Amino acid sequence: MAHNRTLELLSRLPKVDLHLHLDGSVKPETILELALQQGIDLPVYHKEGLIPHMRVGNECGSLIEYLSKFHFTTKFMQSGEALERIAYEVAQQSAAHNCKYVEVRFAPQLHRNNGLTVEETIHHVVEGMKRGQRDYGVKGGVIVICMRNHSSKSNLEVIEGAAQFVGKGVVAVDLAGDEATYPPEFFREVFAESTRLGIPVTIHAGEAAGAVNVYEAVTNLGATRIGHGVRLKENRTILDMVKERRIPLEMCPISNIQTKAVPGWEAYPIREYLDEGLLVTINTDNPSVSGTDITNEYRVLADRFGFTTPELVKLIMNGVDAAFLDADDKLSLRREMEDEIRCLGVSM
Ligand SMILES: O=c1[nH]cnc2c1ncn2[C@H]1C[C@H](O)[C@@H](CO)O1
Ligand SMILES: [Zn+2]
């Protein structure tokens with residue numbers, strides 16, 4: 001186990017989180033308050049009792065089971081006010097772990113039950129993050145998600161909505177949901193539109209299905225980053241392509257074990273990928289569903305794989321390199337983080 005000094009250092013190191021879902025980052029306390037405000041019944045009225053409804057347990061057997069937890073939370077995320085509040089609270093929670101930059105992703109079509117438009121949902125999430133940046137100093141960007149189980153029409157609406165906010169808070173678009181049932185080739189038409197509009201793309205791939213999905217995402221959907229990519233190790237040729245093109249992998253260790261992207265920690269390829277020279281980044285995916293936070297992700301890696309402090313710093317700085325930021329903003333984030341790391345007495 002990482003002893004106290006390592007844990008203390010991990011929590012103080014400046015970090016980034018590039019893969020975090022808004023609807024997987026809701027505090028149970030917030031659900032309690034939103035339910036009262038919105039007049040929605042809850043199964044229980046105390047924080048501890050809500051956790052089992054929001055979080056997966058050790059017995060989680062698949063991505064499908066993992067995804068079932070989101071139905072509970074999204075019921076409370078159907079107003080602009082709720083979206084803004086939850087985005088704001090992501091910045092608050094990020095600051096508590098010295099996370100300097102966070103890319104928050106959400107699927108607009110899951111938040112329209114009470115009549116919000118796609119653009120309105122995006123507007124409120126952007127506003128919440130802006131307010132979070134003002135109050136907590138956490139910089140951020142929004143990634144707008146298309147869902148695998150939605151129609152092309154619905155996903156095209158999402159791309160068009162996202163395009164309105166590029167340069168005004170939105171940094172990319174994504175594809176999430178049940179990967180095994182809906183392979184990436186079903187979405188060529190949708191992502192042809194994001195390419196046409198010049199919006200950067202990241203795709204969840206190689207999580208609940210094989211490496212060919214990573215190939216499809218990069219070559220036909222225009223992905224310049226990959227969500228997870230855990231199963232890339234199953235195909236040497238595709239792994240080499242990802243390496244040559246310097247496509248960052250947004251890995252989310254705790255979530256990847258829970259969804260059974262690999263059978264267990266002994267099969268988790270992070271050490272292999274780092275040694276191969278792949279651009280691996282560490283992220284949380286869904287703090288409230290996975291019961292994790294960004295410090296915990298690094299702690300688990302230190303414990304399970306014996307990563308040294310310089311290796312952990314390398315993983316952190318890979319995240320800065322992979323961020324959907326323009327060159328100037330990336331350089332200033334990099335400098336700010338390097339200065340802070342040096343101040344902690346860690347050599348770079
Ligand atoms: O790890 C994931 N893989 C695929 N889909 C996911 C993952 N985590 C969350 N989602 C889905 C469920 C959410 O409701 C949706 C939008 O954030 O994205
Ligand atoms: Zn995800």
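Which residues does the UniProt annotation "domain: Adenosine deaminase" cover? According to that unreviewed entry, the domain covers residues 14-338; UniProt positions follow the numbering used here, feature names are shortened, and annotations may be inferred rather than shown by experiment.

Before you start clicking, note that this is a predicted model, in which local features need pLDDT of at least 70 and side-chain atom pairs count only at pLDDT 80 or more, while totals for chains, interfaces and linings use all residues. Residues are numbered from 1 along each chain as its sequence is written, and chains are lettered from A and ligands numbered from 1 in the order in which they are written.

Stop 1: Helices (H or I, at least four residues) and strands (E, at least two) are DSSP runs, numbered from the N terminus.

**Stop 2: the annotated binding site.** Now pick His-19, His-21, His-204 and Asp-285, which the unreviewed UniProt entry lists under "binding site". They are spread over 267 residues of sequence, yet they cluster in space, with a largest C-alpha distance of 12.0 Å.

Zoom in on His-19, in strand E1 (residues 15-21). His-19 counts as buried because it has 28 C-beta neighbours inside 10 Å; the cut-off is 20 or more other C-beta atoms within 10 Å for buried, 12 or fewer for exposed, and in between for partly exposed, with C-beta atoms placed from the backbone. Leaving aside neighbours within four places in sequence, His-19 is in contact with Gly-227, Glu-250, Cys-252, Asn-283 and Asp-285. Contact here means C-beta atoms, placed from the backbone, within 7 Å.

Move across to Asp-285, in the loop between strand E8 (280-282) and helix H14 (287-290). Asp-285 is also buried, with 29 other C-beta atoms within 10 Å. Beyond four places in sequence, its contacts include His-19, His-21 and Ser-255.

**Stop 3: the nonpolar core.** The largest nonpolar core has 100 residues; such a core is a set of buried Ala, Val, Leu, Ile, Met, Phe, Trp, Tyr and Cys residues joined through C-beta atoms within 7 Å. Helix H6 (residues 80-96) supplies the largest share, seven residues. Select Ala-87, among the residues with the most contacts inside the core. Outside four places in sequence, Ala-87 touches Leu-22, Val-104, Val-125, Gly-128, Met-129 and Gly-132 by the contact criterion.

**Stop 4: a helix pair.** Show helix H2 (residues 28-38) with helix H3 (residues 47-54): their axes come within 9 Å and cross at roughly 100°. Axes are lines fitted to C-alpha atoms, for helices over the stretch in contact, and angles run from 0 to 180 degrees between N-to-C directions. H2 and H3 are therefore roughly perpendicular, a label for angles of 65 to 115 degrees; under 35 is roughly parallel, over 145 roughly antiparallel and the rest oblique. Pro-28, Glu-29, Ile-31 and Leu-32 in H2 meet Lys-47, Leu-50, Ile-51 and Met-54 in H3. These residues divide into six nonpolar, no polar and two charged; Ala, Val, Leu, Ile, Met, Phe, Trp, Tyr, Cys and Pro count as nonpolar, Asp, Glu, Lys and Arg as charged, and the others, Gly among them, as polar.

**Stop 5: two backbone angles.** Finish at His-228, in strand E6 (residues 223-228), with a positive phi of about 80° although it is not a glycine. His-228 is buried, with 26 other C-beta atoms within 10 Å. Arg-246 has a positive phi too, near 50°, but is exposed, with 12 other C-beta atoms within 10 Å.

Terms used:
Two residues are in contact if their C-beta atoms, placed from the backbone, lie within 7 Å.
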